[in-house]
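Please examine the sequence and the structure before reading each solution.

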Amino acid sequence: MATSVRRTTLSLPAAPVGPDNPLPALRGGRDPHRAEIAQDAALPGDMARQIGYEPLRSILPAPLRDGYGRTRRTTDVDALVLENDRLRATVLPGLGGRVHSLHHKPTGRELLYRNPVLQPAAFALNGAWFSGGIEWNIGATGHTTLSCAPLHAARVPAPDGGEMLRLWEWERLRDLPFQVDLWLPEGSDFLHVGVRIRNPHHRTVPVYWWSNTAVPEGERTRVLAPADEAWHFGYERTLRRVPVPVVHGADRTYPLRSEFPADYFYDVPDGARRWIASLDGEGHGLVQTSTDTLRGRKLFLWGAGRAGRRWQEWLTEPGTGGYAEIQAGLARTQLEHVPLDAGGEFAWLEAYGPLAADAATVHGDDWGAARGEVGDRLEAALPRAAVDAAYAAWRPYADQEPKETLATGSGWGALEAARAGLDLPGTPFDAATLGAAQRPWLTLLETGDLPPDGPLPGPALVSPAWRDLLESALPGPATDYHLGLAQWHAGDRAQAVRSWERSLAAGGGRLSLDALPLYCLAVAEEEAGDAVRAADRYAEAFGCAARFAETLAPEGASARTWWAVLPALAREAVPALLAVGRADEACDLLAHLRQDDLADGRFRLLLAQVLLAQDQPAAARAVFDAGFEIADLREGDETLSDTWYTIAERLVAGPGPVTEAVRAKARAEHPLPQRYEFRMRPV
């Protein structure tokens with residue numbers, strides 16, 4: 001039975017992803033993956049170059065995706081099933097092409113950690129992400145902006161005469177097309193995955209890719225890879241070389257033998273076969289291997305501490321078991337970006353399947369014997385030469401045109417194909433996929449000018465080619481606003497400020513045109529270190545948006561847009577006002593929001609911070625005692641714990657100073673409740 005591909009529907013408890021944030025994502029956010037490199041770290045030359053190579057300045061043109069909550073309801077989710085006589089793989093094309101399940105029929109085993117719910121959380125570069133399965137991460141360090149986005153999907157002929165599922169999309173952070181081809185050869189216990197990233201530009205482009213696989217976590221779960229050393233990265237943000245498996249007296253290849261979340265990037269020697277496996281106490285589990293282009297291997301663990309357990313509950317259902325991640329990437333670590341030459345491509349083959357090894361050897365004290373046992377069992381189940389042969393057999397099929405569309409992604413690839421006249425065999429970006437988001441930009445492409453009534457607010461384009469088109473267009477509020485975004489993204493911040501000031505002047509005081517340029521100018525002032533002027537701009541932007549929203553019919557589409565702009569602006573304006581001692585003004589600003597917005601956990605925290613700034617620590621503590629959840633709390637964010645302990649210190653100190661003795665007493669008398677414990681590093 002060669003691969004068959006069919007449609008199905010899964011019913012899962014899911015929290016809707018919700019609308020995108022209407023404000024432009026000028027900042028990349030606080031990056032928890034930026035490392036401090038010690039001078040004696042002795043990084044390999046290519047690794048040192050790639051760690052500093054083309055980091056993101058912002059997540060433009062991707063939107064910030066933070067419109068979700070934590071209320072789940074049973075939802076029908078479109079899925080595609082690949083199946084042969086040995087395996088059944090279930091893929092979610094509308095959610096980044098995630099492989100939700102990999103079921104081994106002969107043993108009845110689920111090989112992946114299959115999340116029983118779909119709960120977005122703020123782990124992607126642009127926000128919404130969910131845990132479980134196998135995800136395809138492209139773009140820049142972190143989880144892809146496509147985590148909760150639809151991909152194009154189609155049925156394609158497979159190398160063995162069966163059917164192959166192709167997923168593809170245009171990745172907007174780096175402006176690159178990519179494809180993922182999945183198939184199950186007849187009689188095979190391994191899911192084959194061919195991946196290709198192409199650079200259609202006339203310049204070198206930085207590339208990032210990591211395939212992340214969630215696997216069940218247990219007391220006896222062990223992760224093995226062919227390495228004796230690893231690069232350890234924790235949320236203290238230091239990168240250092242450590243031995244494998246024992247670090248500081250504990251065997252870190254067992255995910256639950258660490259307290260805090262951490263990354264271990266295994267230093268697989270050149271020439272060694274690339275693989276990583278997660279096996280349970282009986283020696284059963286999942287192995288992933290690939291051709292040599294995909295060189296990196298990594299273990300991510302949550303650890304057994306309070307914060308790791310809290311995050312696991314946050315991402316799934318309490319009591320359903322946790323997970324670790326085994327990962328594979330283009331570079332040694334996820335802190336690196338790899339240059340891809342103009343007109344070039346990266347391509348490789350991955351394979352995922354079950355593995356059974358001798359449990360006593362796998363869990364013995366001899367690390368060399370343990371990984372040797374797994375390597376031998378892998379070679380018997382799927383020889384290295386067979387993986388290379390499968391890659392060679394797949395390559396001619398990578399250009400095969402899809403024969404049946406199964407799902408549709410975005411229209412951004414079609415827009416780029418129209419702009420550059422691209423011919424990308426195997427991954428057609430059909431003009432029929434162009435939609436409302438691309439329409440104003442298609443007008444710019446065809447006429448040389450943006451429509452006078454848009455897109456403000458609306459999707460952005462910031463690449464050099466689109467910046468050139470904006471610079472040649474007739475000036476106006478929308479054109480100058482978007483030109484400023486492109487200039488900001490390129491690092492030309494002085495020019496960006498001038499463009500936003502022109503946009504503001506051209507708006508002529510029209511409230512609908514002033515709020516977003518004012519917001520951008522506020523961010524620019526804040527980034528330049530002028531906190532007072534930034535607070536002024538934020539307050540002015542919020543005032544413009546509030547006055548305009550009040551003029552609109554309550555049920556109209558425009559009203560819904562602008563009533564979404566208000567809370568987004570408030571989340572930026574309130575901290576800026578508090579930073580310059582204007583707590584009463586921040587309180588007044590919150591009063592302009594709707595009750596539904598104020599009930600959201602994000603604004604409950606802001607209210608507590610305002611009350612604290614108004615010297616009302618007991619009232620601030622009451623907000624915490626009443627309980628709230630911040631749905632989009634970011635990975636590594638310590639705002640909750642910091643605010644809690646600041647309140648505690650003020651309660652203990654009273655009118656007196658906050659001394660070290662006061663801090664110690666506050667921590668002893670007011671321990672942080674588990675529901676607010678998300679700290680991913682030692683305190």
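**Exercise 1.** Identify which members of the largest nonpolar core touch the most other members.

*Solution.* A nonpolar core is a set of buried Ala, Val, Leu, Ile, Met, Phe, Trp, Tyr and Cys residues joined through side-chain atoms within 4.5 Å; buried means under 20% relative accessible area, exposed over 50%, partly exposed in between (1.4 Å probe, protein chains only). The largest core has 85 residues, of which Trp-136, Leu-165, Leu-182, Trp-209 and Tyr-266 touch the most other members. Strand 27 (residues 345-356) gives the most to this core, namely 7 residues; strands (E, at least two residues) and helices (H or I, at least four) are DSSP runs, numbered from the N terminus.

The model is predicted: local features need pLDDT of at least 70, side-chain atom pairs count only at pLDDT 80 or more, and totals for chains, interfaces and linings use all residues. Residues are numbered from 1 along each chain as its sequence is written, and side-chain values use heavy atoms, with hydrogens and water left out.

**Exercise 2.** Describe how the rings of Trp-314 and Phe-678 are arranged.

*Solution.* Rings of Phe, Tyr and Trp (its six-membered ring) pair if their centres lie within 6.5 Å; planes under 30 degrees apart count as stacked, over 60 as edge-to-face and the rest as tilted. By this rule there are 25 aromatic pairs. For Trp-314 and Phe-678, the centres are 5.2 Å apart and the planes form an angle of 75°, an edge-to-face pair. Trp-314 lies in helix 2 (residues 306-315) and Phe-678 in the segment after helix 19 (660-669), 364 residues apart. Trp-314 is buried at 2% relative accessible area, and Phe-678 is buried at 4%.
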